[in-house]
Amino acid sequence: MSQVSLLIAFICVRSSPWISQSAYRYFEVVTICNLIMILAFYLVHLFRLYRVLTCISWPLSELLHYLIGTLLLLIASIVAASKSYSQSELVAASAKKTPFLCLASVWLSYKISCVTQSTGECWLSEHG
């Protein structure tokens with residue numbers, strides 16, 4: 001859900017004519033870094049690396065990734081939307097919608113990973 005929105009936001013900002021290059025470059029860097037980290041966590045779950053690397057709290061690291069990434073994306077979205085002036089509303093709309101989808105991902109990550117593990121069930125062992 002948020003991965004698709006991140007990709008669409010990146011493409012919209014990348015293909016738009018720029019007035020403030022620094023604002024849009026920051027937004028591009030934040031979206032690409034978020035996409036790379038989401039891919040890294042996906043690969044960890046796909047190849048079950050969480051079973052090998054038990055010294056890392058994977059639910060906590062995923063939650064922290066989503067929190068930090070969402071905060072950086074929110075800042076980048078505000079800057080990109082404020083610098084878009086009279087340009088395409090698609091840039092501003094994608095920049096405004098993406099942080100809210102990432103916030104939903106933070107909430108779902110917290111509910112699935114942390115709350116489920118605190119009740120004694122292990123989500124990863126049941127679904128992985």
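1. A helix here is a DSSP run of H or I with at least four residues, and helices are numbered from the N terminus. The model is a predicted one.

2. Overall make-up. The protein has 6 helices and 0 strands. Along the sequence the pattern reads α-α-α-α-α-α. Of its 128 residues, 38% count as buried. The accessible surface is about 7600 Å², and carbon and sulfur atoms account for 71% of that area. Among contacts between residues at least 6 apart in sequence, 75% join residues at least 24 apart.

3. Confidence. The pLDDT averages 74 over the protein, and 67% of the residues score at least 70. Helix 3 has the highest confidence, at 88, while helix 6 (residues 123-127) has the lowest, with a mean of 45. Over residues 122-128 the pLDDT is below 50, and in the model this stretch has 9 contacts beyond near neighbours in sequence.

4. Annotated spans. An unreviewed UniProt entry places the feature "transmembrane region" at residues 25-43 and 63-81. How much of residues 25-43 is helix, and how much is strand? That span is 100% helix and 0% strand, with its end C-alpha atoms 27 Å apart. Residues 63-81 are likewise 100% helix and 0% strand, and the end C-alpha atoms of that span lie 26 Å apart. The label itself comes from the record.

5. The salt bridge. A search of the whole structure finds 1 salt bridge. Glu 28 forms a salt bridge with Arg 25, and the closest N and O atoms are 3.5 Å apart. Both residues lie in helix 2, 3 residues apart, which is about one turn of the helix. Is Glu 28 buried or exposed? Glu 28 is buried because its relative accessible area is 7%, under the 20% cut-off. Arg 25, by contrast, is partly exposed, with a relative accessible area of 39%.

6. Thr 31. This residue lies in helix 2. Thr 31 has a relative accessible area of 0%, so it counts as buried. Which residues is Thr 31 in contact with, leaving aside its neighbours within four places in sequence? They are Leu 6, Phe 10 and Leu 73.

7. Leu 35. Leaving aside neighbours within four places in sequence, Leu 35 is in contact with Gln 3, Leu 6 and Leu 7.

8. Cys 33. This residue has its place in helix 2. Cys 33 is partly exposed, because its relative accessible area is 43%, which falls between the cut-offs of 20% and 50%. Cys 33 and Gly 69 are 36 residues apart in sequence and 8.3 Å apart in space, C-alpha to C-alpha.

9. The nonpolar patch. Which residues make the nonpolar surface patch of about 850 Å²? They are Leu 39, Tyr 42, Leu 43, Leu 46, Phe 47, Leu 49, Val 52, Leu 53 and Ile 56. Helix 2 (21-46) and helix 3 (49-52) each supply at least two residues of the patch. The largest share, 4 residues, comes from helix 2. Phe 47, one of the patch residues, lies in the loop between helix 2 and helix 3. With a relative accessibility of 57%, Phe 47 counts as exposed, because the cut-off for that class is over 50%.

10. Arg 48. This residue lies in the loop between helix 2 and helix 3, where Phe 47 is also found. Most residues other than glycine have a negative phi. Arg 48 is not a glycine, but its phi is positive, at about 55°. At 33% relative accessibility, Arg 48 counts as partly exposed.

Key:
Residues numbered from 1 in each chain as written. Predicted model: local features only at pLDDT ≥ 70, side-chain atom pairs only at ≥ 80, totals over all residues. Heavy atoms only, no water. UniProt positions renumbered as here; feature names shortened; annotations may be inferred. Patch = residues over 30% accessible without salt bridge, like charges linked within 9 Å, V, L, I, M, F, W, Y side chains within 5 Å. Areas by Shrake-Rupley, 256 points an atom, 1.4 Å probe, with all protein chains shown as cover. Salt bridge = Lys/Arg side-chain N within 4 Å of Asp/Glu carboxyl O. Buried < 20%, exposed > 50% of the residue type's maximum accessible area, 1.4 Å probe, protein only. pLDDT = per-residue confidence, 0-100. Contact = heavy atoms within 4.5 Å.
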